[in-house]
Amino acid sequence: MEIEHEILDKINSTYGEDSQLILKAFEFAKQKHEGQKREDGQEYIVHPYQTAKILIGMNADVVSVVCGLLHDCLEDTECTEKEIINQFGQEVANILVGCSKVELIKQARLNNPDENEPLRKMFLCISKDARVAFVKLADRLDNMRNLAVKLRVKQIKIAQETLDIYVPIAERLGMSKLKRELENLCFMYLLPVEYQETQRVMEENYKKREKIIVDISDSIKELAKKHNVEKIRVQSRIKSNFSIFKKQQKKGKDGIYDIVAHRVIVEEVKDCYTMLGAILDKWKPVEGRFKDYIAHPKENFYRSLHITVLYPTDEGEIPFEVQIRTEEMHNYCEYGMAAHWIYKEVGSKLTSGYESNQKMLELKKNSEQKSVEDNAEEFMEIIKSGFYANKIFVFTPKMNVVELVSGSNPIDLAYAIHSGVGNKCVGAKVNGKMVPIDTELKSADVVEIITSATSKGPSKDWLKIVKMNASREKINAFFKKEMREENIKKGKLILDQAAKTKGYTLSSLLNDDWMDQFLDKSCLSTMEEVYAAIGHGSLASEKVINKLISLYEKANKKQELQINKEFTGDRRTKAAEISGLDGIMTKLAKCCNPVPGDKIVGYISRGRGITIHRSDCPVLKALEKDRLMEIDWGEKLSDSSYVAVIKIIAKNSPSTLASISNKLVENKINISYIYSDKNKEGDAIYTFGIEVNGKQQLSEFINKLHVLPEIYDIER
Ligand code: MN
């Protein structure tokens, strides 16, 4: 077969010098497919040729047309990628490889028939170069046009796949004309009875209304003349069978009158609004049926004015829809992004588009509307960077689709599947081959994660390798848990050792009789937590062991236990007013001594109510995260006092303590206790427990202390 004359003319006039490349691709494909036949017995080359013809009809760029001709060479002939690169360059080869990858979706659908959305996303993602999608859509349209020769089962399968995957993509890319035809063909094969019925009703209606349709078209032309709109085309197109069917489903029989779309195509944007005004003057509008997609383009950049008006007849008023647009908009409405490739090549056309937009903006003085210019830029951005530029979609061996951030590797995939898979991951196969675990994955890779039950868990290096935050969080969670277990072991050893050096055994010190009191005092709820805190380093083993020994000694001497002030009365049951915790036993943690005004966190201890810590308390790190709760101070604070602990590093001289004491007296602050110590440099370290009513009083007091020359530093 040869290229038809009229198509040859169209190629020459549209593609100029590039025509040669198209002819070369045609001859190349013809030779490669030599001897192959289509199912209907025709030469195989007819299919790539028809595919290319669809693309030419959409004003697609030369590379798309070339790829349309070559699209089955890699899959179905002995032609290699290298040969394509040599003959047609890397760009063409990349698009063809993308086209083969799209075929994997077919396989994925077999296993996951309901996962349409991920498959559509994957399709678009493979189409990093939008032209992959253009070629595959044209390919699919030609296949759908020739579906009749297939078995009924195959027809249904292919039509359903087309409806689920290809039609929504055509819609997203704004390729309305191709979408309508695909959709109609799907309708014909999937619901043949309904298709015939709709067809019959439509023809009947059209015959009945033919006169009206012609009259509307003529009236619109007259209106144009009257309003000095010189260049105008009116297309009265019967709406697609499928769209009528859908409308009928939604609105019942009424929708069926609206079977013709009248399109008014003018030269300039201002003419669109002139015609809109003229039409509204002549016919009564249907309320709520006006859409200005020029001021507010659809997501797929569709622009047009839509209005439904009423045509009076003897039988009553009949609604009809008019779509008003410029030639440029019309071209886009029909072919969508595919048509825009021409603009990319011919910059001037895009500029003229901008100009008309500018005029439109002047016309519509709505400051809130999104400028179409912005949309055009956004659009070019999508074309250049591809869809889902920062995402990839890979397959599992069962052909499930997993969405990842681009740059991700098998570890990210393993954690995306499940943290259990991530933690046991030891290797990966990509497209059947073993690969290093940090191999960057690409869309449509089939990735198998190899796990081992004996794996000890992730390596710390993985934190640097993974690309997704989610993976990093899961690895960190693993180490945190691991660390806690390690800390418990470590803490127990330390405490055990500390007991031995004092001449006791830890097991004899841990006695149920006083453990409760001990835990209350240490603001932790189990010995495990005590070990974890010691192992973590936030609790001194010395302190713990001394307390345990004193409790042990007291108990052994059968002395009455001296109950501390902290354990009596109100202090025990209600250490502070905490909002929302009325009636619940609260206790201020001794490790950080929170005072009202501090940011606080509650820790739900086992059977000991809620312990209130400062939110920056290091002990929190050793506690079980899921027992922490957000809390705030309540309001009734006035007469309560709280013990705040401050550590003062100061000059080691007798006068220092006196100065501090004076300040305390001056500010009417009571001292609860004082410890003094020295550091390596010989400075004095005073630990003061002072009674304040809140953070503000404390801060003010600390500021006053800072004034004293003897004081070097104050810590809380
Ligand atoms: Mn094909």
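User: In which helix is Phe123 found, and is Phe123 buried or exposed?
Analyst: Helices are DSSP runs (H or I, at least four residues), as strands are (E, at least two), numbered from the N terminus. Phe123 is found in helix H9, residues 116-126. Buried means under 20% relative accessible area, exposed over 50%, and partly exposed in between (1.4 Å probe, protein chains only). Phe123 has a relative accessible area of 0%, so Phe123 is buried. The model is predicted: local features need pLDDT of at least 70, side-chain atom pairs count only at pLDDT 80 or more, and totals for chains, interfaces and linings use all residues. Residues are numbered from 1 along each chain as its sequence is written, and side-chain values use heavy atoms, with hydrogens and water left out.

User: Which residues of H4 are buried?
Analyst: The buried residues are Val62, Val63, Ser64, Val65, Val66, Cys67, Gly68, Leu69 and Leu70. Nine of the nine residues of H4 are buried, so H4 is largely enclosed by the rest of the structure.

User: At what angle do the axes of H4 and H10 cross?
Analyst: Axes are lines fitted to C-alpha atoms, for helices over the stretch in contact, and angles run from 0 to 180 degrees between N-to-C directions. The axes of H4 (residues 62-70) and H10 (residues 130-145) come within 9 Å and cross at roughly 45 degrees. H4 is therefore oblique to H10; angles under 35 degrees count as roughly parallel, over 145 as roughly antiparallel, 65 to 115 as roughly perpendicular and the rest as oblique.

User: Where does Ile671 lie, and how accessible is Ile671?
Analyst: Ile671 lies in strand S16, residues 671-678. With a relative accessible area of 37%, Ile671 is partly exposed.
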